[in-house]
Amino acid sequence: MAAEEGKVNLEQANNRIEAGFEAGSTYISDLQSIRDDLDAADNSGTTLGKMVSAQLKMTEAETKYMVRSGIPKKASSSVQQAAQDVKKAGG
């Protein structure tokens, strides 16, 4: 079953792994971009406004990461729990 645009298919384990990997890659990219803004050669990246902006961007990046990585993790947990329940029922 193909995922619709903007949606993630979590039916297969490899889809969940890919979604988690993508979440991590996006998070790292976002943090690198924020760091690059602060590392300006002319010290303009160290103004109070830039630093506050960087903190807000980091909070947003972390929130996105937690949601995007948490969904596949929750799906995998549900699958594992269901497998354990089947195993218990089977004796």
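The model is predicted: local features need pLDDT of at least 70, side-chain atom pairs count only at pLDDT 80 or more, and totals for chains, interfaces and linings use all residues. Residues are numbered from 1 along each chain as its sequence is written, and side-chain values use heavy atoms, with hydrogens and water left out. The protein chain has two helices and zero strands.

**Overall shape**
- Helices (H or I, at least four residues) and strands (E, at least two) are DSSP runs, numbered from the N terminus.
- The C-alpha trace spans about 70 × 25 × 15 Å along its principal axes.
- The radius of gyration of the protein chain is 19 Å, whereas a compact globule of 91 residues would have one near 12 Å. This radius is taken over C-alpha atoms, and the globule rule is 2.2 Å times the number of residues to the power 0.38.

**Burial and surface**
- Of the 91 residues, 13% count as buried. Buried means under 20% relative accessible area, exposed over 50%, and partly exposed in between (1.4 Å probe, protein chains only).
- The protein chain exposes about 7,200 Å², and carbon and sulfur atoms supply 56% of that area. Accessible areas come from the Shrake-Rupley method with a 1.4 Å probe.

**Charge**
- There are 11 positive side chains (Lys and Arg) and 13 negative ones (Asp and Glu).

**Leu 31**
- Leu 31 sits in helix H1 (residues 13-38).
- Leu 31 has a relative accessible area of 28%, so it is partly exposed.
- Its C-alpha atom is separated by 6.8 Å from that of Met 58, 27 residues apart along the chain.

Key:
Charge placed at Lys NZ, Arg CZ, Asp CG, Glu CD.
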